[in-house]
Amino acid sequence: MGNILAAIHQLKDSGDPEVSEKFGIFLDFESDDVKADPNSAFSLKLEEKVKKSEALLENLRNYGTGGKKFIFEATANPSVEVQDATWAKMIPLISNLVDLKNMTDELNQLVPEILSQMWTGVGDSRQSTTVLDIFKDHMFMMLQLGKILDYDSRFDALKMTAQNISNDISYVKRQFTLRQKSKKSGVEEKYASAINIQNLESLSMFYINATPALNNIIDIITKFFKDADTKAEPLELIVSFSKICIKILGSEIRSNFQKFGTIGMVQRIMVATALLYDHLSVNGVFVKDSPINIKSVVDILEQEAGIKRARAKSKSSRVIVTNPPGSADRASYQELTAQAQNLLNFLKYSNKHLRDQTTPNSVKQMFSSIV
């Protein structure tokens, strides 16, 4: 457990007694030391789903121009042979998109149960149990929650680069309808359960969103909060998770990670939890008394992205950007820099409360300069 939780830095934050000067936390995403409870069916299911999601995400990463070339060929040549060949090439692409959507749904549906289990057992002792105690007792759950939020962030970033997805889905929808009318569906049996008009309609509604995975988890957790007997506790876990990420990225703890990819992962979790809080709380993340310091989040991302701002930074929000020890992968560092800029745009365009009257002008001006 020493690898996972260590008092390696004082986390000074007077606004949150749970993350006090007495405690430090290090999320060891680079270690396999934290195992699923072999006696917990939910933990084993969670572990399996998270692992499977990584393989599926590769399909989105490799989507490229999708069916653009095939559709162009079919449009230029109306012969039956070309039309059938194009159809045969498009079906596997769309089937992969269905699998990705289903995996996103399944992963995000697990988050309410994760939050519930992390708070299970606190009961009447809630007043004396700190959030860090909960994290220590449920480290596996916490890491899997982080991985799901990371999956959602990467999914949306990759979806933005696959610009032909909506056009591909529309083409298959049109062809599916035409082929049904001519009684010539031509869907292989292994794709039959994925390729139907209901799935295609659902697919269109899902992928038309700029950030479908983020929207999906917001909808799921919002419903969970409405149905739950207690709302403050799960939200408190999300807030603390975000604040821990901020502290890691804004201090020398960052240098404990050996890979640029891990730093990127913590950045994505920081932004995802901040956006979740903005959508789930009444006042949002941008108000002056928000438990998540949005200016610190922006400071971290801007410095990572190489953006210089005249605004003076407080000591608590000073960002320490150092290369992981032993790492010489310049390409990975450049990817991290580009990602930081993308995450700034996520914050700017995927929030709920930025334009509210309660948002300080200084915060609005800060975001207006993000391009």
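1. Confidence. The mean pLDDT of the chain is 83, and 81% of the residues score at least 70. Residues 1-24 have pLDDT below 50, with 52 contacts in the model beyond near neighbours in sequence. Residues 123-128 are also below 50, and this stretch has 4 such contacts. Where pLDDT is low, the predicted coordinates should not be read in detail.

2. Helix α14. In residues 361-368, the buried positions are V363, M366 and F367. These lie on the same side of α14 because they cover an arc of only 90 degrees around the axis. N361, Q365 and S368 are exposed on the other side.

3. Aromatic pair F155 and F206. The whole structure contains 6 aromatic pairs. In one of them, the ring centres of F155 and F206 are 5.9 Å apart and the planes stand at 70 degrees, so the pair is edge-to-face. F155 belongs to helix α6 (residues 139-161) and F206 to helix α8 (residues 197-207), 51 residues apart. Both F155 and F206 are buried.

4. Aromatic pair F286 and F367. This pair is edge-to-face, with 5.4 Å centre to centre and 85 degrees between the planes. It links F286, in the loop between α11 (260-280) and α12 (294-305), to F367 in helix α14, 81 residues away. F286 counts as buried at 2% relative accessibility, and F367 is buried with a relative accessible area of 1%.

5. Surroundings of F206. One aromatic cluster is formed by Y151, F155, F206 and Y207. The charged end of K101 sits over the F206 ring, 5.6 Å from its centre.

Technical notes:
Residues numbered from 1 in each chain as written. Predicted model: local features only at pLDDT ≥ 70, side-chain atom pairs only at ≥ 80, totals over all residues. Heavy atoms only, no water. pLDDT = per-residue confidence, 0-100. Contact = heavy atoms within 4.5 Å. Buried < 20%, exposed > 50% of the residue type's maximum accessible area, 1.4 Å probe, protein only. Helix = DSSP H or I, 4+ residues; strand = E, 2+ residues; numbered from the N terminus. Arc of directions from axis to C-beta. Phe/Tyr/Trp six-rings, centres within 6.5 Å; stacked < 30°, edge-to-face > 60°. Lys NZ or Arg CZ within 6 Å of the ring centre and 35° of its normal.
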